[in-house]
Each structure stands twice: as C-alpha cells, then as structure tokens.
Amino acid sequence: EGFGLPPLEAMACATPVIASNSSSIPEVVGDAGILIDPKDIKGLSEALVQLAEDDKLCELLSQKGAQRAKEFSWKASAKKLQKVIESI
C-alpha cells in the first residue's frame, strides 16, 4: 500500500501503531507510532513487547496517532488540489 492508509486508519481509531520505516509510511505516521525496518524481526518483536508492557506509551501513541490522523482528510486533500489547479 503506497500511501500508508492502514496505519492512518489505525491512528484515527486511537490504536497504537507499529509500522514500517520505509516508503511513504514514515511521512504519514510521523512521531505518532513506532517505526521499524520491515525486515527486522527482532525490532518488531521488541516493539510489540514494548507496547504490551508500557501502558503510558500506548496511551501516548493513541493520543498522538488520533491527533496526527486529523491532519489527513479528504476535505483537506481536495482543498490542496483545488489550490494547485487554481494556480495553473
């Protein structure tokens, strides 16, 4: 998935996110989730344990994710596209 819609949807639901640090996903997730190398199995397992054991981190990422997700909306995207079209 090229844009990062699955992690964005999870963040919109205030779900803590562990996502890949490649492609466009870091631009979508920002600092509102844990980013790992998708080939790093140990890193993934450590991130899962970290979330399972750290309630404060889960709460922080839930809040940050929900807030970050608000920056992405179809309405905001349409307004940006409209500005580009009008500038041409």
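**Fold, contacts and backbone of the predicted chain**

Ser23 lies in the loop between β1 and α2 (25-29), where helices (H or I, at least four residues) and strands (E, at least two) are DSSP runs numbered from the N terminus. The model is a predicted one, in which local features need pLDDT of at least 70, side-chain atom pairs count only at pLDDT 80 or more, and totals for chains, interfaces and linings use all residues. Residues are numbered from 1 along each chain as its sequence is written, and side-chain values use heavy atoms, with hydrogens and water left out.

To return to Ser23, its phi is positive, at about 65 degrees, although the residue is not a glycine. Most residues other than glycine have a negative phi. Ser23 counts as exposed because its relative accessibility is 58%; the cut-offs are under 20% relative accessible area for buried, over 50% for exposed, and partly exposed in between, with a 1.4 Å probe and protein chains only. Ala14 is another residue other than glycine with a positive phi, here near 60 degrees. Ala14 sits in the loop between α1 and β1 and, with 35% relative accessibility, is partly exposed.

For the overall picture, the chain contains five helices and two strands, arranged along the sequence as α-β-α-β-α-α-α. Along the principal axes, its C-alpha atoms fill a box of roughly 50 × 25 × 15 Å. Of the 88 residues in the chain, 28% are buried. The chain exposes about 6200 Å², of which carbon and sulfur atoms supply 59%; accessible areas come from the Shrake-Rupley method with a 1.4 Å probe, and for residues only the protein chains shown count as cover. Among contacts with a separation of 6 or more, 42% come from residues 24 or more positions apart, a contact being heavy atoms within 4.5 Å.

Strand β1 (residues 18-20) includes Ser20. Ser20 is classed as buried because its relative accessible area is 16%. Beyond its neighbours within four places in sequence, Ser20 is in contact with Ile25, Pro26, Leu35, Ile36 and Pro38. The side chain of Ser20 also makes a polar contact of 2.7 Å with the side chain of Ser22. Such a contact is a pair of N or O atoms within 3.5 Å; within protein, one must be able to donate a hydrogen and the other to accept it, and residues adjacent in sequence count only if both atoms are side-chain atoms. Between Ser20 and Trp74, the C-alpha to C-alpha distance is 24 Å, with 54 residues separating them in sequence.

Turning to the aromatic rings, the structure holds one aromatic pair. The ring centres of Phe3 and Phe72 lie 5.9 Å apart and the planes meet at 75 degrees, so the pair is edge-to-face. By definition, rings of Phe, Tyr and Trp (its six-membered ring) pair if their centres lie within 6.5 Å, and planes under 30 degrees apart count as stacked, over 60 as edge-to-face and the rest as tilted. The pair links distant parts of the chain, 69 residues apart: Phe3 belongs to the segment before α1 (5-12), and Phe72 to the loop between α4 (55-69) and α5 (74-87). Phe3 is partly exposed at 40% relative accessibility, and Phe72 is partly exposed with a relative accessible area of 27%.
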